[in-house]
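This report covers selected features of one model. The sequence and structure come first.

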Amino acid sequence: MLVDLQGPWSPLFGRLTLASIPYSNPIIIFAFVFTALAGLAVVVPVLYYRKVGYIFREWLTSVDHKKIGVMYIILGLVMMFRGFVDGMMIRTQQVMADGPHSPGVMEAQHGYLPPSHFDQIYSSHGTLMILFAVTPILTGLGNIIVPLQIGARDMAFPTMNAISLWLTAVGAMLIMASLFIGDFSDAGWVGLTPLTELPYSPSVGVDYWMWAIQISSIGTTLNAINIITTIVGMRAPGMRWDRLPIFTWTTLSTNIIGLTAFPILGVALALLGADRYLGTHFYTAGLGGNLMLYTDLFWIWGHPEVYFLVLPSFGILSEVIATFSEKPLFGYITMVAATFAIAGISWAVWLHHFFTMGAGPWVNTFFSVATMLVGIPTGVKVFNWMFTMYRGRITYTTPMLWSVAALILLLVGGLTGVMLANPAIDYTVHNSVFVIAHFHCMVLLIAFTIFAAVIYWYPKVFGYKLDERNGTWFFATFTAGTAITFTAMFGLGFMGETRRLDYLYDPSWQPLLIVEELGIFVYVLSCYFFCRMFYVSIRDRNLNRCGADPWGTSRTLEWMTHSPVPFYNFAVTPHVNARDELAFRRSVGADETPPDHYEAIHMPKNTMIPVLIGVLAFGFGFGMVWRIWWMAGLSLLGIIALVIFRSFVHDHGYLLSGEDIARMEGKASQMSIMSETQDEMAMAEGVH
Amino acid sequence: MDAQVPRDGKLPPLWHYGHEGHDEISTKTLGFWLYMISDSLIFGGLFAAYGVLDQPMSFAGGPGPAQIMHPVAAFGQTLAVLTSVLAYSLGTLAMKTNNKAGVLLGIVGAMVLAVIFLGLEFNDFAVLYAHGATLQRSGFLAAFFILIATHGLHMMFGLLWMAVMLVQVGRYGLSKEIVMRLLNLRLFWQFQASVWVCVYIYVYLRGTFS
Amino acid sequence: MVNIKFLARLAALSPLLLLGACSGNDGFRLFHPVGPVASAEFHYTLISTGVMMLIIVPTTVLTCVFAYRYRKSANASYDPSWSHSLPLELLMWGVPLLIVVALAYFTYQSVFLVNPAGPESLNETPGMAMGSDPLQVDVVTTDWQWLFIYPGQKIATIDDLVVPAGRTVQFRLTSATVTNDFYIPQVAPMIDVMPGMRTLDAFRVDHTGTYEGFSADFSGAGFSWMQFATRIVSPDDFAKWVAQTQTAPSHLDYAGFQKLAQPTINEDAKPAYFSDVDPKLWDEVYTGVQQGAVYPVPKETQTKAPEAKMPNARPGSTS
């Protein structure tokens, strides 16, 4: 071994021993029981209704961009729930552990969580929410909607699309595994050095964090390649660049950021991996390392990353606001220009995350001004949304409610962001909960737009709308929880409370901490309404089947397919004549005109390769975390072998005849994304 | 909306039949270019790390660039990699005349020269290790070794890809799919040579004269 | 259907929770700066917020007005063809640009005034930086304590920073282990404390008082207990305190420091005092770390409560 490991290591099991399983920790036991029950709640019905083959055939091996997108979103929502539970635990610990006389239960001196456990919880909260909740959901939305918006049949690389999904899922599974076998990183989601070096983080926690991110980042980079190629090369005829829907434009700029920024994260983590596995001195304090190198590399990725998350949200806002104001988006060209301006400037601002590192007044001023410049195109977007609503006819469906609330959050977050951009102010609030409240405004606005998008596009994918009444209660409670919790948090920031404290020394913070905890209870209530919204909608789905344009005022191409979208998307590729093609066709009375005949189309075949690569990637990750070299090595060789094997397979698709399409179009109202593809084709032939 | 309904009242075309108009080879090659953009950023990050750690403080009392750079041997490596690209490119020229043997010969030539490149590199590393300039000695040496090794790793994956192409050209001839892969491999190989030239200039030449 | 305007009003009222900021001893430390540096920081906080409000308030109001006025049931004027306006675009880009130019000017001014390495707000006379006869304090952080060394007086303290009022205090900071953040809300500009590196900070407070300082950068299991008292005392009291500490029974040299720097959690932030301290101690720690000194944290701390496995090795204490 090239490094000094604390604890035993064996060739067969690496660092893994029975002691790695925290069976004496009651909280973990409870988490395990809950997770096991949740898992059983899924697995047992699948077994009982004999759906294993169906799941394998239709979902696990699927290369259909819509199914992959749905799986991304499900993964993201589940991880968002776990991230929310982590957040609840953080708030509860802090409200209990305020002041030197605050009580402590179980193994904790104050509160109910000992420091190391608390530190792991907020580290996983950040990592999960950013990389495994919001990113997969936005990726999934892009996956489903962008090919439909440009009139394509699928993504440019369907198999690679599935591989991206499974690599992201593997990252999430590694973090789940860290809950029950070993521990997670306690160094925050950023993982600053030298805290994450072996002497100061001797357990496997940082290794779990590192490999989960590395593996899922490969998935994100591959997905970026896929989407950019699709948008550039697979648009329907007539879909000129100035006719591209705004959500597709934002997805394009987002993925340019993803393609170029994620490799830097890969380098930052790989060099940390070299320190932890090979004993190098990239980031150590001694022997010539430079800990600031990690901070710089990480944040050179880190800042474009937040725009990677927020630009699709801006795209969603543009789509939803335009649709529900019954007006075209105001200032389309400047919106596109502003999007790319934001993406471009985002590369020049990273140092504002560490103004206090002592770069000196000139450097700090440069990055401060650059940071404030990003506010200009963002402001342009806000004004354009306002003017889209101006003299529109606004219907307050739940997506529109979420969007207007997101606008308000953007204004508050933007104000506090520009305050933080001034180093003089930052020297008083860096790493305080003021910063946490600021960025939670931004990520919550992303969450608001995610909920808007899911509700907005759900009928297109599943064929029925989500229940508006429960959706409105979900909106009201979630928004109230946000307002309560984070207003209090801004206050605590001005009181001098810093972040990542598992024990708070100042009892005068107690009142606002209690307010924050009340906010959490309101959030819990919102979870109930979220679940109820889905339950009622699915229960009553056959009563609420909708047509191609369920909202009635949609404007873009994806609303021209049936609801739910058939697995082949458009029966005939549309010819595009305008920006907001559907609105144009409606204005000339052609929105219901079907094609006069159907021709054969080539569809990709499902394949096992992506799922197998996922399984091997998990083996690789787990093996590397526990330093089980044979497991990691064989898994890696297996992945390479699979890729080479796949390159020898020639026939990747099948032909769908024009007659089959014609019949399926006729029975479109009886189809569903959940049914078996061959059942649909058989039904179309009248054989059932 | 920018569309106009034509004067005669007829609607503009609503549906498109026939071939979708996107060429599969150019689409897949675009994807490969995008991958190389991401790869170039990996090297960018590594060059940045090297630039940061190329300071006396990071030598930690050990050897600095002037002590470990062997620009002549590295020039030999440069010649090897450039002639490897030349060999491969000549092989792809043979595709124009459907000359399968020519293509195979080009690939084999490229592989041989790549092995020479890697051999020279391993030798260089062995000499450095014998003098105590190891990966763990200092931050500067870590950056040096990892940058060069990452490039070497890319070369090894290129070699593997070439071996697979030898088999595929042999079995399937010069089909559309095979031609596309050979062109992408050429792109990859030229890219690796370009990165090496940057390494040679920024690391070896700059280091020798520092 | 939920009334959006009502929700907006409710959210807008929630900042009233912060009205407690108006009184003096309300815990809103950042609104009560002491000393020229912190006052400059607060001054620019107000300016920056005020300038931003010029844009944010009208935009928020307009957004709420439009959201309310143009809802379908209100039957206001509807103009679906209006989606572009050059004059509006020029305003939209131009006004924020002017605001950013103004903020950039204020930023440039403020950054030099509060620069930790040499805040210009401390210049008592033009051309004389840092005031006359600053007090030099060397700071070392370990896992998880603050060591303040007074090289001129050859004394050192743990978790107790005592400085005279009216005199500039200059800091050299380094860490023996991982990155921390030197933070005394209301008093000093924050600066990172990094191993193998030297950062600088400075402040001056003209009135006596006691403040809380701690680390704002997460550093491990004992991080929450990294508090230190900051006592600004009169110059006479300071001289008395120095004389008294110079008679403290414990001494500190580099070897003693290496024992001190083993992972320790000082749960009550109990101070400790040392006399006859080597004035070069800070430099020795600094070079030691650069040469590879580490103080590894035991793996057990990552799974168990801190008091279970922490050696609490501090060589005695007096007050």
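The model is predicted, so local features need pLDDT of at least 70 and side-chain atom pairs count only at pLDDT 80 or more, while totals for chains, interfaces and linings use all residues. Residues are numbered from 1 along each chain as its sequence is written, chains are lettered from A in the order in which they are written, and side-chain values use heavy atoms, with hydrogens and water left out.

**Interface of chain A and chain C**

Chain A and chain C bury about 9,400 Å² between them, and 69% of this area is on carbon and sulfur atoms. Buried area is the accessible area (1.4 Å probe) that two parts lose on being put together, summed over both. On the chain A side, Tyr200(A), Tyr427(A) and Tyr505(A) lose the most area to chain C, together 8% of what that side buries. The contact (heavy atoms within 4.5 Å) involves 102 residues from chain A and 105 residues from chain C.

Across this interface there are 27 residue pairs in polar contact, both residues being at pLDDT 80 or more. A polar contact is a pair of N or O atoms within 3.5 Å; within protein, one must be able to donate a hydrogen and the other to accept it, and residues adjacent in sequence count only if both atoms are side-chain atoms. Several helices of chain A each supply at least two residues to the side that touches chain C, among them α4 (115-149), α8 (291-324) and α14 (468-494). The most comes from α10(A), with 16 residues. Helices are DSSP runs (H or I, at least four residues), numbered from the N terminus.

Two salt bridges are counted between chain A and chain C. A salt bridge is a side-chain nitrogen of Lys or Arg within 4 Å of a carboxyl oxygen of Asp or Glu. Asp506(A) forms one with Arg29(C), the closest N and O atoms being 2.7 Å apart.

**Asn569(A)**

Asn569(A) sits in the loop between α15 (510-539) and α16 (581-587) of chain A. Asn569(A) counts as buried because its relative accessibility is 1%, buried meaning under 20% and exposed over 50%, with partly exposed in between (1.4 Å probe, protein chains only).

| Residue | Partner | Distance |
|---|---|---|
| Asn569(A) | His65(A) | 3.0 Å |
| Asn569(A) | Lys66(A) | 2.6 Å |

Leaving out residues up to four places away in sequence, Asn569(A) also touches others, including Leu148(A), Asp154(A) and Thr561(A).

**Leu18(A)**

Leu18(A) lies in the segment before α1 (26-48) of chain A. Leu18(A) counts as exposed because its relative accessibility is 66%.
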